[in-house]
Amino acid sequence: MASQELKMEKLTIQDLPGVGAATAEKLESAGFRDLMSIAVATIGELAEAAGVSEAVGRKMINAARDSMKMGFETGTEVAKKRESVCKLSTGSNAFDALMGGGFETNAITECFGEFGSGKTQIGHLLCVNTLKAYPNSTVVYIDAENTFRPERIKQMAEGAELDADEALERIMVARAYNSDHQMLLTEKVDSLITEQGKQVKLLVIDSLTAHFRAEFIGRGTLAERQQKLNRHMHALAKIASSHNICVYVTNQVMAKPDQFFGDPTASIGGHIVAHASTFRVYLRKGKKGTRVAKLIDAPNLADGEACFEVQESGLKDVA
Ligand code: GTP
Ligand code: MG
């Protein structure tokens, strides 16, 4: 198995049939940077990105798929992998219990909700609690909205009885200036691990969708946005599973004026983001400044709700 994975890592897009340097460059600038992105692409996407014919596109996709380990494994092997999953604490017992003990590694967890619902605070808290629970770990924070606040990390570190300066030292923060930059930064997480030897346990992307939402405006651009977002989600899923990392992403909601029953809001990115996220949590403001987290999609947990409050030092349970 290991040797097969190694072989897969060595092959590049240029090793595919019909791909020369020029085509590889075109593919790369369109965001196709590894074999996985080709393996999950459609013929139409490749044709548009690199101007290849349908026949060549099909050959490329098939070759990329053949070169990858996209096969089966036994239930025992899967169970073994599950044993290495870690649960990262939010600091609230109720919220952790809702999530089956915490936010899981080897998975993508999406929290979506209106402004001020606590998405960013949760990102900060996960950083602090992860650093506390795993003494040699590093956490990565990709900040797309300029809302990362070292002051908050310090306050929360004090709340968790963790040295504040040490906590800040172990958080790698990068500001993402647009969606391309965000995707590039995501790729760099890989080299933090493989080249710099960092033990990354948590990757926060706050917010996942803001740049995509701002850059692709109007109905005509929706398909393009979704394709790009799809590639981003695939890259995140790959990071989560290949390095056993908890990927925490935040997402906004938009008004759904045609919805008369239930909640009149929908998350950005639609089914692309929803489908790629392993766990989905809807956050809303509750009574008296509380926050309510509702688990709406999880592979092995019952749907339910948890109530908590954001305080200076972290999250506090509310009865
Ligand atoms: P957007 O990014 O605007 O979509 O919102 P968000 O969901 O990321 O909200 P965020 O996590 O920034 O939550 C902000 C809220 O957390 C504030 O309105 C406060 O209620 C609460 N909060 C933030 N910092 C503190 C603090 O130091 N003390 C207390 N008590 N509450 C805080
Ligand atoms: Mg925020």
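Modeller: Let us start with Asn-129, which touches Ser-89, Thr-90, Gly-91 and Ala-160 when residues up to four places away in sequence are not counted, a contact being heavy atoms within 4.5 Å. The model is a predicted one, in which local features need pLDDT of at least 70 and side-chain atom pairs count only at pLDDT 80 or more, whereas totals for chains, interfaces and linings use all residues. Side-chain values use heavy atoms, with hydrogens and water left out, residues are numbered from 1 along each chain as its sequence is written, and chains are lettered from A and ligands numbered from 1 in the order in which they are written.

Colleague: What makes Asn-129 count as buried?

Modeller: Its relative accessibility is 14%, and buried means under 20% relative accessible area, with exposed over 50% and partly exposed in between (1.4 Å probe, protein chains only). The value lies under the cut-off, and therefore Asn-129 counts as buried. Its place is in helix α8, where helices (H or I, at least four residues) and strands (E, at least two) are DSSP runs numbered from the N terminus.

Colleague: Why is Leu-88 called buried?

Modeller: Leu-88 is called buried because its relative accessible area is 1%. The residue is found in strand β1, residues 87-88, and, leaving aside its neighbours within four places in sequence, Leu-88 is in contact with several residues, among them Phe-103, Leu-126, Leu-202 and Cys-246. From Leu-88 to Lys-119 there are 31 residues in sequence and 16 Å in space, C-alpha to C-alpha.

Colleague: Is Glu-104 buried or exposed, and how do you know?

Modeller: Glu-104 is buried, because its relative accessible area comes to 4%. Its place is in strand β2, residues 103-104, and its contacts beyond four places in sequence include Arg-82, Val-85, Phe-279 and Asn-300.

Colleague: What makes the pairing of Glu-104 and Arg-82 a polar contact?

Modeller: The side chains of Glu-104 and Arg-82 are joined at 3.0 Å, and a polar contact is a pair of N or O atoms within 3.5 Å; within protein, one must be able to donate a hydrogen and the other to accept it, and residues adjacent in sequence count only if both atoms are side-chain atoms. The distance falls within that limit, so the pair is listed as a polar contact.

Colleague: How do you know which residues surround ligand 1?

Modeller: A residue is near a molecule or strand if one of its heavy atoms lies within 4 Å of it. In this model, 14 residues surround ligand 1, and the closest are Gly-116, Gly-118, Lys-119, Thr-120 and Gln-121. The largest share of the shell, three residues, comes from α8, while α8 (119-133) and β12 (304-311) each supply at least two.

Colleague: Which atoms of the protein lie 3.2 Å from an oxygen atom of ligand 1?

Modeller: A polar backbone atom of Ser-117 does, as does a polar side-chain atom of Arg-291. For Gly-116, a polar backbone atom is 2.7 Å from an oxygen atom of the ligand. Of the 660 Å² of accessible area that ligand 1 has on its own, the protein covers 64%, with areas from the Shrake-Rupley method, a 1.4 Å probe and, for residues, only the protein chains shown as cover.

Colleague: Why is Asn-106 called partly exposed?

Modeller: Asn-106 is partly exposed because its relative accessible area is 28%. The residue sits in the loop between β2 and β3 (107-113), and its phi is near 65 degrees, a positive value in a residue other than glycine.

Colleague: And what makes Asn-146 partly exposed?

Modeller: A relative accessible area of 38% puts Asn-146 in the partly exposed class. Asn-146 is found in the loop between β4 (137-143) and α9 (150-159), and its phi, near 55 degrees, is again positive in a residue other than glycine.

Colleague: Where is the cis peptide bond?

Modeller: The bond from Asp-206 to Ser-207 is cis, with omega near -5 degrees, and Ser-207 lies in the loop between β6 (199-206) and α12 (210-215).
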